[in-house]
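Colleague: I would like to go through this model with you. Please put it up first.

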Amino acid sequence: MQSTPTPEQAQEQAKADQDIMATVGQMRHVVLIGRFSQYNAFHHFLLGESDQAERWSESADGLLFAMGTDFPVADHLLVQCLLSIDKLRRSAPQERQALHAKIAADLAKLKQFTDNCPENFAHKYHLVCAELAAVQGEPLEKVVEHYREALAAIRKREFPQMVALINERQGKFW
């Protein structure tokens, strides 16, 4: 079970993050800053800290030009989609059209990765499809099939962290 950090712990973590960003910033290593931002977005998403995850994800967004051919771009798109879908779940009706457009654009990019190398990216694409189908009220069979396809796309469990994420998200669906 996840515990919420105390205000002191959150402040201490924020200070540590600022210190690391300052050090990396002095190095002027854009890809490293992008990865640090991206990894923090994924970390906070996994902890259920959507606001923090979104802040870090926005930071990484501005640096994607430097990571354009880097493996983590698809991970960034995955986090972007999952954050947008979570936001869609709790959004007001007038906000949903913009969220659907953002999800569609990010999902199309993720689909390009999948089409070019399904071994590395299909599980991410199908996870997003499952989450989107669930939030849109698609038939149960369609949602479950996407979760199954996401897991099946990971041959020999090469991405154990993704297997865990897919299983966790499918468990939350039920």
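Colleague: Is Val73 buried or exposed, and at what relative accessibility?

Modeller: This is a predicted model, where local features need pLDDT of at least 70, side-chain atom pairs count only at pLDDT 80 or more, and totals for chains, interfaces and linings use all residues. Residues are numbered from 1 along each chain as its sequence is written, and side-chain values use heavy atoms, with hydrogens and water left out. Buried means under 20% relative accessible area, exposed over 50% and partly exposed in between, with a 1.4 Å probe and protein chains only. Val73 therefore counts as buried, at 9%.

Colleague: How are H4 and H5 oriented to each other?

Modeller: Helices are DSSP runs of H or I with at least four residues, numbered from the N terminus. The axes of H4 (residues 72–89) and H5 (residues 93–116) cross at roughly 155°; axes are lines fitted to C-alpha atoms over the stretch in contact, and angles run from 0 to 180 degrees between N-to-C directions. Angles over 145 degrees count as roughly antiparallel. H4 and H5 are therefore roughly antiparallel.

Colleague: Which residues does Asp17 contact, leaving aside its neighbours within four places in sequence?

Modeller: Asp17 lies in helix H1, residues 7–27, and is buried at a relative accessible area of 7%. Contact means heavy atoms within 4.5 Å. On that basis, the residues are Phe36, Asn40 and Trp56.

Conventions: Helices (H or I, at least four residues) and strands (E, at least two) are DSSP runs, numbered from the N terminus. Angles under 35 degrees count as roughly parallel, over 145 as roughly antiparallel, 65 to 115 as roughly perpendicular and the rest as oblique.
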